[in-house]
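Let us read this structure together, one feature at a time.

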Amino acid sequence: MRAQFVLSEIGVGLRRNLTMTFAVIVSVALSLALFGGSLLMSDQVNTMKGYWYDKVNVSVFLCNKSDAESDPNCAKGAVTEDQKKQIEADLNDMTVVDKVTYESQDQAYKHYKEQFGDSPLAASLTPDQMQESYRIKLKDPEKYEVVATAFDGRDGVQSVQDQKGILDNLFGLLNGMNWAARAVMALMLVVALMLIVNTVRVSAFSRRRETGIMRLVGASGFYIQAPFIMEAAVAGLIGGAVACGFLVIARYFIIDHGLALSEKLNLINFIGWDAVLTKLPLILATSLLMPALAAFFALRKYLKV
């Protein structure tokens, strides 16, 4: 009988404050959708880091005749055969190096033509103007400085470049966007909590006569508070379910179908459904506990029991 009474009071309370209940559901849905989206963005950035950092190379570019005339690092002239052999031997001896690949001037010219054949500069270049290089695959991409320290400024070496630096700028931008999403999420959570507290206060005020009678007949504090807490929890849970729906629909239409980014951007390793599904229980639990706790503390202050 008591459980039936509590459930009936939940329905009455939700209907009585329908507008504010709807506002709570929307704000909780949006804030938790952003929360889940920020978690998925973090997973996506980590997945991309693991995928791309595993493919990046460190390039040791060697001096050619043109560099000897214009680049201070090549003031001693173009690289010699003995210098090339010594550089390759030293690279192979380094414990951080996984694989060393030599690229000749002809190979560099061919790759440049494949990538930038339509540019005006490509028509004026000749193979002897291209740089020979060693492409180094590291066992740990974070160990770039070991190679740079060993070969920067060395005779015959024009420069040492790390592709990871280019990717760091991209991932820095993605992380910045992720933190911006988290800031909006935090703002929406504050708005949702304020709406929950106000909804509970209005509901408690509108039923102050009923709660007063319940106190007089000896009802416990928890028994009086339970309908209000559960109203907030139910509204929050509905909002959490909507947020889960947003994430599932976004994953389906943005990555798999609709925009189909997984087909259009083959170079990006997108997160799978397992990453999305593992976040849904956390979102639902948060949507249930957050409003319930907010209502509990609001009732302690505004409802005399």
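## Reading contacts, cores and a sheet

A: Leaving aside neighbours within four places in sequence, Leu 193 is in contact with Met 290 and Ala 294; contact means heavy atoms within 4.5 Å. This is a predicted model, in which local features need pLDDT of at least 70 and side-chain atom pairs count only at pLDDT 80 or more, while totals for chains, interfaces and linings use all residues. Residues are numbered from 1 along each chain as its sequence is written, and side-chain values use heavy atoms, with hydrogens and water left out.

Q: Where does Leu 193 lie, and what is its relative accessible area?

A: Buried means under 20% relative accessible area, exposed over 50%, and partly exposed in between, using a 1.4 Å probe and protein chains only. Leu 193 is in helix 8 and is partly exposed, at 31%.

Q: How many helices and strands does the chain have?

A: Helices (H or I, at least four residues) and strands (E, at least two) are DSSP runs, numbered from the N terminus. The chain has 12 helices and 4 strands. Of its 305 residues, 40% count as buried. Among contacts with a separation of 6 or more, 81% come from residues 24 or more positions apart.

Q: Which residues have the most contacts inside the largest nonpolar core?

A: A nonpolar core is a set of buried Ala, Val, Leu, Ile, Met, Phe, Trp, Tyr and Cys residues joined through side-chain atoms within 4.5 Å. The largest one here has 32 residues, and those with the most contacts inside it are Val 28, Leu 32, Leu 40, Ile 196, Val 200, Ile 283 and Leu 299. At least two residues of this core come from each of helix 2 (18–53), helix 8 (164–206), helix 10 (221–256) and helix 12 (273–302). Helix 12 gives the most, with 10 residues. To follow one member, take Leu 40: apart from neighbours within four places in sequence, Leu 40 is in contact with Leu 247, Ile 271, Ala 275, Val 276 and Lys 279. There is also a second, separate core of 19 residues, including Ile 87, Val 100, Val 147 and Phe 151.

Q: In what order do the strands form the sheet?

A: Two strands pair if DSSP finds at least two bridges between them. The 4 strands form an open sheet in the order 2-3-1-4, with antiparallel pairing. Strand 2 (97–103) and strand 4 (157–162) stand at the edges with a single partner strand each, so one side of each has no neighbour in the sheet. Neighbouring strands are turned by 15° against each other on average, direction ignored. Strand 1 and strand 4 run antiparallel and are joined by 5 bridges; Phe 61 has Ser 159 in strand 4 as its bridge partner.

Q: Which strands does helix 4 touch, and which does helix 7 touch?

A: Axes are lines fitted to C-alpha atoms, for helices over the stretch in contact, and angles run from 0 to 180 degrees between N-to-C directions. Helix 4 packs on the sheet and touches strand 1, strand 2, strand 3 (133–138) and strand 4, its direction making about 0° with that of strand 3. Helix 7 (residues 144–151) also packs on the sheet, touching strand 1, strand 3 and strand 4, and its direction makes about 170° with that of strand 4.

Q: Which residues does the disulfide join?

A: A disulfide is a covalent bond between the sulfur atoms of two cysteines; here the cut-off is a pair of cysteine sulfur atoms within 2.5 Å. The structure holds 1 disulfide, joining Cys 63 to Cys 74 with an S to S distance of 2.0 Å. The link is left-handed, with -80° about the S-S bond. Cys 63 lies in the loop between strand 1 (58–62) and helix 3 (65–70), and Cys 74 in the loop between helix 3 and helix 4 (81–93), so the pair ties together parts that are 11 residues apart in sequence. Cys 63 is buried at 2% relative accessible area, and Cys 74 is buried at 1%.
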